[in-house]
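Here are my notes on the model you sent over, as numbered points. Have the structure open while you read.

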Amino acid sequence: MAKSEGEMTWRDLEIGCVVTDPGSASQYITGAWKSQRPTYDFKKCIKCGLCALFCPEGCIGQNEEGYFEADLNYCKGCGICPMECPTRVITMVEEEE
Amino acid sequence: MPKREGWEVSVAIGEVVKLADTDIVAAYPITPQTHIVEHLAELVADGELDAEFIPVESEHSAMSACLGSAAIGARTFTATAGQGLELMHEVLYVASSMRFPIVMVVANRALSAPLSVWGDHSDAMAVRDTGWIQIFVENGQEAIDNVVCAFRIAEDKRVLLPVMVHVDGFHLSHMIEPLVLPNKDEVNSFLPPNKFPLPLNPDKPVTMGDFAPPVLYTEAKWAQEVNLRASKEVILECWNEFGSVFKRYYSPVETYRVDDARVLFLTMGSFSETATVAIDELRSAGKSVGLIKLRLWRPFPFKEFRKAVKDADVLIVLDRALSFGGPGGPVCSEIKAALYNESKKPKVVSFVGGLGGRDITKSGFEEIYQRGIEIAEKGSDQEYEMFGVRE
């Protein structure tokens, strides 16, 4: 996409708004909507990956140290991962302005 | 003269859909559309039409299957009526906004309740704003001619929009008329192959029907509107070429004995036939009256319509549908809107009638004429008059 969405005119749209650029959904930073975000105490993490399995967004992956962590660009702050974590690594905190 | 043969209009519609080499028909039977899709199912079963007939479980599914069919670039046809059209409703918007060239015949039928299988335009008016090109026809010949044209218009790369051909239920769908059917070669040379520009194709993947955030939705709708409006030029071009090949000519606003007419009727669909006979009688009795037949309903032919009515004193609009608690006839309401800012315009009188299959005969039109003139002269405290209702 050469132009940003805000710059595109109606003439720039493909017929029927077809998207010709595969994988472009990742350009939508849907994590901007959340009101809470997860924080981590990795000292307790046993790297079991249950949080990643239960994440409805599929946005949890392993970081460089191998700990499981949400990509905050796509995390909606639903709070499922702290509920599922067997060692209580994750705490939800209010998203600040 | 080409040979005229007796055909039931529904069956003849099935025949031209066959001649058009339609690839996929997805339909659910509903009166009074049934004979169209029954005939197509037979043609496919007998091997006369090499197409996939998808017998779906509802009209919502019929139109949804048509989306998939059009998305792979297949020539796609369906037909429905009344409640069936309403059950398709949400999918109709998807078809037009995804720019799928689907052709659909609607055998116009009244809406429940009370249950009525008979004809009026309630179903058509409820889908007015779905973004489809919409054509009304007044007899069987016009029906089959415009089904052929509909494929060419819909699939034209400058258009790529679905087209509805409105054929009055029973009054047209079940009529046996002397018709000139085109032959296969004529249809083949008039109708180029369907070349949908961005079809579903594993070698070139695309995403269809994605979402648009607020920053893009307005642009998407405007693109659709610009495109639907611009389709009028292609429709005119198609009708002109059809005329030069088949010697039958169509235009967005057609007229009958309008020269110097002080009073004009405006009708859509099969009632135009009866109206022409009534006009003849009124003319013989010395009345200055003519008829405007609105063929192209969407995109609305503002320019042609204003030109056709500007010199008349009175315009009597007959609607076969009712906008409850509103202006009465939906067509008349648009007619009034189209004329409001014009400096030279006729007085517009609105009648609603012919609901749920009730006939308006020649003498009915003559009554409407008398009453219409009365209202135009003396005014009325009603937005519209319900013709023929027993008080």
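1. B:Arg306 is partly exposed, with a relative accessible area of 28%. Keep in mind that this is a predicted model, so everything below is computed from predicted coordinates.

2. Which residue does B:Arg306 form a salt bridge with? The partner is B:Glu342, and the closest N and O atoms are 3.4 Å apart. B:Arg306 sits in helix α11 (residues 302–309) of chain B, while B:Glu342 is in the loop between α12 and β14 (347–352), so the pair ties together parts that are 36 residues apart in sequence. B:Glu342 is partly exposed too, with a relative accessible area of 28%.

3. Next, have a look at B:Arg371 and B:Glu385, which form a salt bridge with the closest N and O atoms 2.6 Å apart. The two residues are 14 residues apart: B:Arg371 belongs to helix α13 (residues 362–378) of chain B and B:Glu385 to strand β15 (residues 385–386) of chain B, and the pair links distant parts of the chain. B:Arg371 counts as partly exposed because its relative accessible area is 29%, which falls between the 20% limit for buried and the 50% limit for exposed.

4. Now for a pair in another setting: B:Asp168 and B:Arg320 meet through their side chains in a salt bridge (3.5 Å, N to O). B:Asp168 is in strand β7 (residues 163–168) of chain B and B:Arg320 is in the loop between β13 (314–319) and α12 (330–339), so this contact ties together parts that are 152 residues apart in sequence. Are these two buried or exposed? B:Asp168 is buried, at a relative accessible area of 1%, and B:Arg320 is buried as well, at 3%.

5. Salt bridges also join up into a network, whose members are B:Arg128, B:Asp129, B:Arg298 and B:Glu334. Over all chains, the count of salt bridges comes to 31.

6. Back to β7(B), the strand that holds B:Asp168. How many of its six residues are buried? Six of the six are, so the strand is mostly covered by the under-20% cut-off. Both faces are covered: on one side you'll find B:Val163, B:Val165 and B:Val167, and on the other B:Met164, B:His166 and B:Asp168, all of them buried.

7. What does β7(B) pair with? Strand β5 (residues 102–108) of chain B runs parallel to β7(B), and six bridges join them. Strand β6 (residues 133–136) of chain B is also parallel to β7(B), with four bridges between the two. B:Val163 turns up in both pairings: this residue is the bridge partner of B:Val103 and also of B:Ile133.

8. Together with helix α7 (residues 140–155) of chain B, β6(B) and β7(B) make a right-handed β-α-β unit.

9. Last stop is B:Ala110, in the loop between β5 and α6 (122–126) of chain B. B:Ala110 is buried, with a relative accessible area of 5%. Leaving aside residues up to four places away in sequence, B:Ala110 touches B:Gly82, B:Gln83, B:Ser116, B:Trp118, B:Gly119, B:Asp120 and B:Gly356.

Key: Residues numbered from 1 in each chain as written. Chains lettered and ligands numbered in written order. Predicted model: local features only at pLDDT ≥ 70, side-chain atom pairs only at ≥ 80, totals over all residues. Heavy atoms only, no water. Salt bridge = Lys/Arg side-chain N within 4 Å of Asp/Glu carboxyl O. Buried < 20%, exposed > 50% of the residue type's maximum accessible area, 1.4 Å probe, protein only. Pairing = 2+ DSSP bridges. Right-handed = clockwise from strand over helix to strand, strands pointing away. Contact = heavy atoms within 4.5 Å.
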